Amino acid sequence: MPEITILKRPREEAVITQRMFFKKTARGKVIKVLRERYLRDDISCGIDGCRACDAKAQTVLSRSGDTTHKNFPTGHYILPDTNVFLAQMDLIESNFFTPPIIILQTVMEEVRHRSLPLYSRLKALTTTDERKVWVFYNEFRSETAIVREDGETPNDRNDRGIRKAAEWYNTHLTLAHPPIRGQSNSALPKVVLITDDYANRQKADKDKIPCISVHNYVDGMKNSDQLLDLLSATGSDEVEPTRAVAGRTALYDDYLPMSTLVAGVKAGQLYQGHFNANQYNYLEGTVPVPAFTKPILLVGRENMNRAVQGDVVVVEVFDEREWKAPTDEVIDQEATLKNDDAEDSEEEGDDLMVHEHESKALHAEHTKKAPTEKQPTGRVVGIIKRNWRAYVCHIDSTSLTSSNATSLGLQTVFATPVSRLLPRIRLRTRQAPSLIGNKILVTIDRWDITSRYPEGHFVRTLGKAESKEAEQESLLLEFEVPYRPFGKAILDCLPLEGEQWVVPPKSAASPEWRDRADLRDLIICSIDPPGCQDIDDALHARRLTNGNIEAGVHIADVSHFVHPETAMDNEAAARGSTVYLVDKRIDMLPALLGTNLCSLRPHVERLAFSVIWEMTVDAEIVDVRFTKSVIASKAAFEYGEAQLRKDDPKLNDNLTQSVRLLNSLAQKLKAKRMAAGALNLASPEVKIHLDSSESSDPVDVEQKALHETNSLVEEFMLLANTSVAKKTQESFPQTSVLRRHLPPPPTNFEKLQDILLKRKGLKLDVSSSGALADSLDKCLDPKEPAFNTLVRIMATRCMLSAEYFSSGSVSRDTFGHYGLASPIYTHFTSPIRRYADVLVHRQLAAAIGYTPLHPSLHSKMHVERIMEVVNRRHRMAQMAGRASVEFYVGLALKGRNEREKEVIEDAFVIRTFRNGLGVFVSKLGLEGLVMFKRDTQFDAENYTISVPSSDIGRPDVTISVFDKVTVRIEVEKDKNTQRGRVKMTLVSPVDSRAL
């Protein structure tokens, strides 16, 4: 037996190579973690031609660095600290900011710990080919690795590690550029530490490490005029506050310490939730919390205390005697604050004037309210998580000083976000005159207690307002839709054959055919909206010899091409959903898959995942089976085409019979769903007619036509989703991906119930989905057929949103889908455009024994994280789609305004205000406000408003909710924002232009 020698290393070495830290588990237990790190001396510096590093090592930094900066003429590289990336990422990402960058491992890890979104942006920066960026693993290089000293904070330890690495680099450069005999010694480039931490700079100066603040560094660059605007106000200690902030008295209360907030929420004395701004009144907001049936109302800017839409806030609730009811008046921020000065808006006189105006508007609203309308009222006492990001804005031209209107000097201006839910943002810029009339991106940096407005910085220009390109990009940015092109790593995941890929001939040796059913002979067809290219579902039906019917849904087998933990899978997970705009589509997957290899095109063999039922003629399910398959669709119909084929008595071929058989079963399936209490809700859907297939100019708008075949497809997709949900939940009870729709709180319907009872004498029973469905069926007006659809649209707005979830994360009794009256549900039928469906495909494949389930889908925490992202992306995709339709409706109306003298349409009143009406134009799917400038008589209890008649001597005209009115629709250009907006005025029963 060979002799074994055990070598024990010295304790002092162990201290260097071991890292110890404390970590809190999901259950709140604190554990000590000890990790061994292996130090090396062969980690490359990344500088080209370095003689001290391995000649074979990869390099991305040029030998001389950047020589264009006036402070470093001999060349330099920059080494930013963590806070530079946390505060100045917009600057770092700018195409005008091009010095070679060294990013330390310490910095990468700290950014990841502090902000995952910023970490993702930083990682993307390190992989781009356009920039010279090197990641240096200083924690593993023996000369730069450090250990935390006794009494040293983690932040101080990291700062010391960053200085150590900068010092090492400058020493290392002397080895990289050794003197050459016979030649004069040339000056060496420097590695410059960039930090806005004054104490850190002092220590660096003491150690003779080149260092500089971000502001001073940018100021010395060639294109400093363009870059200085990108500086975040929070990051730099050298950006002067505006006069409006400096030396002013506090307008808001300070936030409570985080420890107090957490303890207060835990004790039930404070309440945590998301802040929602009021789109009609900028002086009001709400925070829904589980403890109350109605959301907590925040009245006045002091009580909203600098909360911005989407922030996670902590609220203190006032005594019940101080509770109030929401406003019934439209209070517009632009109109109320139009004379506010961006630089001096906190001057005492101006502040008192604005405060008095705002207080008067709020006082008028909350004095005469019924006690039953009042709801919990409170104030924001702290922020748990900010939702700040880059916002699409316009420069308010009135905020420019007249003397500086053509100057490129630094001035303070207001940026008005396109969203009515956001406050105006104050920013300092040198480009203000050139930005007028453009859409721009602005990021909020801070909101001090002395400032009425948040302060931010300019990021970039999107283009001219109202240009389709700028509007489209701003829409995608506003709803955070990822629209970057697919990168090389993602495209490398596609089949090497590209468009020439085909299903190989059937053989036992072919992996594509393993355990797949051969369904190529079945009469299968797809039925989709006009122009659909990503066909991810097809159907078939045929009679069996035993008298029953076989029906099948066949879904594109996307999971065959998209494998877990690949670049393409990660990108699809991050995108979450395909986004459909009026004139383009932002794909979740590369087009080769979405519109070609996975699309179930007719007369082409495709891989599919099939759900096949045996049913009785009464649509009772006898059996269901799930199988991977190969299909060859026989036809791809549009809804209208399928309807014509079904209705044509002259056609009796196998394909037509299959469509009729599917339709017959679909009608019976729908009847059963409705009998079980499913809701038949409505949402405004319109079709935009474009000038031509090559043009994206809208010419007209009309309501979408719904055919019987729409319902045919819907019923079978619902049945497939329900059948798959049962199967995956049985197999993976802790991690199956499901979708639920929680019952709405009865309080959500109180307003609609009261309006229906008082205006129409109708009762709305919301005790269950079945009772609500029956009540909605009875909401009829013999004189107005569209009334029922209007009520269904209003009822839909009272609902909660459906959401994806992991089955092990919630109790079993909350799995149900309220709207569909189904005890369990998921999404399986659209994997080309929804990432949740891809996960469901993987789980179903494992449930039938086709492939083992990837380990990540056994982790409940992992699935929960994905569901959180997918839910957010799904909501954003829906909102982006609606905003796109709204923009194109506006363009179509503008065109009609130019062609016709005026555009006049019928509308329904859906809300009354003290100073206006909310109306809905069903033909255009458009909602708008009709405002009155003259005094009116408002009856909040009966939802009516009385306005003076257009005819002199005639009595006042009373208008109430559900009344049918006629409106004049115009698209006017706002003089300040330079954006077109829809303006509505009444034509009848009274001409509101005189009001």
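Me: Where does P989 lie?
Reply: P989 is in the segment after β39 (980-988). Strands here are DSSP runs of E with at least two residues, helices are runs of H or I with at least four, and both are numbered from the N terminus. This is a predicted model: local features need pLDDT of at least 70, side-chain atom pairs count only at pLDDT 80 or more, and totals for chains, interfaces and linings use all residues. Residues are numbered from 1 along each chain as its sequence is written, and side-chain values use heavy atoms, with hydrogens and water left out.

Me: Which residue does a cis peptide bond join to P989?
Reply: S988. Omega is about 15°.

Me: Switching to phi. What is the value for E565?
Reply: Near 65°, which is positive in a residue other than glycine. E565 sits in the loop between β22 (549-556) and α17 (567-575).

Me: And what about phi of H603?
Reply: Positive too, about 65°, and H603 is not a glycine. Its loop runs between α18 (591-597) and β25 (605-615).

Me: Is H603 buried or exposed?
Reply: Exposed, with a relative accessible area of 64%. Exposed means over 50%, buried under 20%, partly exposed in between, using a 1.4 Å probe and protein chains only. E565 is partly exposed at 46%.

Me: Cavities next. How many of 30 Å³ or more?
Reply: The structure has 7. A cavity is a set of points on a 1 Å grid, over the protein atoms alone, where a 1.4 Å probe fits but cannot get out; lining residues have an atom within 4 Å of a point. Points are joined across faces, edges and corners, and a volume is the space filled by probe spheres set on them.

Me: What volume does the largest have, and what lines it?
Reply: About 230 Å³. Its lining has 20 residues, with Y282, M304, A307, P423 and W447 nearest the centre. By class that is 13 nonpolar, 3 polar and 4 charged. Nonpolar covers Ala, Val, Leu, Ile, Met, Phe, Trp, Tyr, Cys and Pro; charged covers Asp, Glu, Lys and Arg; the others, Gly among them, are polar.

Me: How many disulfides?
Reply: The count is 0, taking pairs of cysteine sulfur atoms within 2.5 Å. C393 is buried at 0% relative accessible area.

Methods
1 Å grid on protein atoms, 1.4 Å probe; cavity = no way out; pocket = protein on both sides within 12 Å on 5 of 7 lines; lining within 4 Å.
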